[in-house]
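Reader: I like to know which cut-off stands behind each label. Could we go through this model that way?

Author: Gladly; here it is.

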Amino acid sequence: MPRPLVLAILAVLVLSGCGGSATETAAEPTPSATSASPEESPEAQESTGGQQLEPEAEPEAVPDSLDFTGTTVAGAEFEGATLAGRPTLLWFWAPWCPSCRGQIPQVEGLAEQYDGELNVVGVGSLDSAEAIAGFAGDVDGVTHLEDADGELWKRFGVSEQSSFVLLDSDGSEAFRTGYGGSDELGDRVADAVG
């Protein structure tokens, strides 16, 4: 790289704060960040469009547990961050699983009972995308993700169908149950929403 170009790049980095010491770099952004009005950030975010989080959720405070992407059974991209700020029930199922099919009324009932207070997300796996979409079509009031490759199952440490993972409004795990163990689910959801 020619020397004048290297010097020009270094000058730009120093002027932008990238070449200073750690103390100088950390001290500089703080006043400018606090000089912006608190109202600017949410308005700026709302003008960007796309999926909006609920007002009680702050996008900059998305817990690690919800920092994921997926695909809905309809093929749309899904951002886990949109779940932040309220309890979330993740239901991990397989289309051929009779226990999963038997849990449909319970899951639909929880989604209806806590509409607007609880996120209910089904995560279908262990079969083809077509079979997953077919099962999801039989369940109302629930967002379903197609996870044929099992990435979300792995992310949440799920190894069997039907499993539930309940996250509280901070994204911390509040309850987990494996194969068919959904007897306590209603009470645990009520506690998380409560």
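Reader: Among contacts between residues at least 6 apart in sequence, what share joins residues at least 24 apart?

Author: In the protein chain that share is 61%, where contact means heavy atoms within 4.5 Å. Please keep in mind that this is a predicted model, in which local features need pLDDT of at least 70 and side-chain atom pairs count only at pLDDT 80 or more, while totals for chains, interfaces and linings use all residues. Residues are numbered from 1 along each chain as its sequence is written, and side-chain values use heavy atoms, with hydrogens and water left out.

Reader: What makes phenylalanine 68 and phenylalanine 156 an aromatic pair, and why is it called edge-to-face?

Author: Rings of Phe, Tyr and Trp (its six-membered ring) pair if their centres lie within 6.5 Å; planes under 30 degrees apart count as stacked, over 60 as edge-to-face and the rest as tilted. Phenylalanine 68 and phenylalanine 156 have 5.8 Å centre to centre and 90° between the planes, and they form an edge-to-face pair. Phenylalanine 68 lies in the loop between α4 and β1 and phenylalanine 156 in the loop between α8 and β6, so the pair ties together parts 88 residues apart in sequence. Helices (H or I, at least four residues) and strands (E, at least two) are DSSP runs, numbered from the N terminus.

Reader: Why is the pair of phenylalanine 92 and tryptophan 153 edge-to-face?

Author: Their ring centres are 5.9 Å apart and their planes stand at 85°, so edge-to-face is the label here too. Because phenylalanine 92 lies in strand β3 and tryptophan 153 in helix α8, this pair ties together parts 61 residues apart in sequence. Ring pairs link Phe68, Phe78, Phe92, Trp153 and Phe156 into a cluster.

Reader: Why does cysteine 97 count as buried?

Author: Buried means under 20% relative accessible area, exposed over 50%, partly exposed in between (1.4 Å probe, protein chains only). Cysteine 97 has 2% relative accessibility, so it counts as buried. Cysteine 100, at 0%, is buried as well.

Reader: And how many disulfides are there?

Author: The count is zero, a disulfide being a pair of cysteine sulfur atoms within 2.5 Å.

Reader: How do you know that the buried residues of α7 line one face of the helix?

Author: The buried residues of α7 are Ile132, Phe135 and Ala136. Seen down the axis, they fall within an arc of 100°, so they line one face; the arc is that of the directions from the helix axis to the C-beta atoms. Their cover includes β3, α5, α6, β4 and β5.
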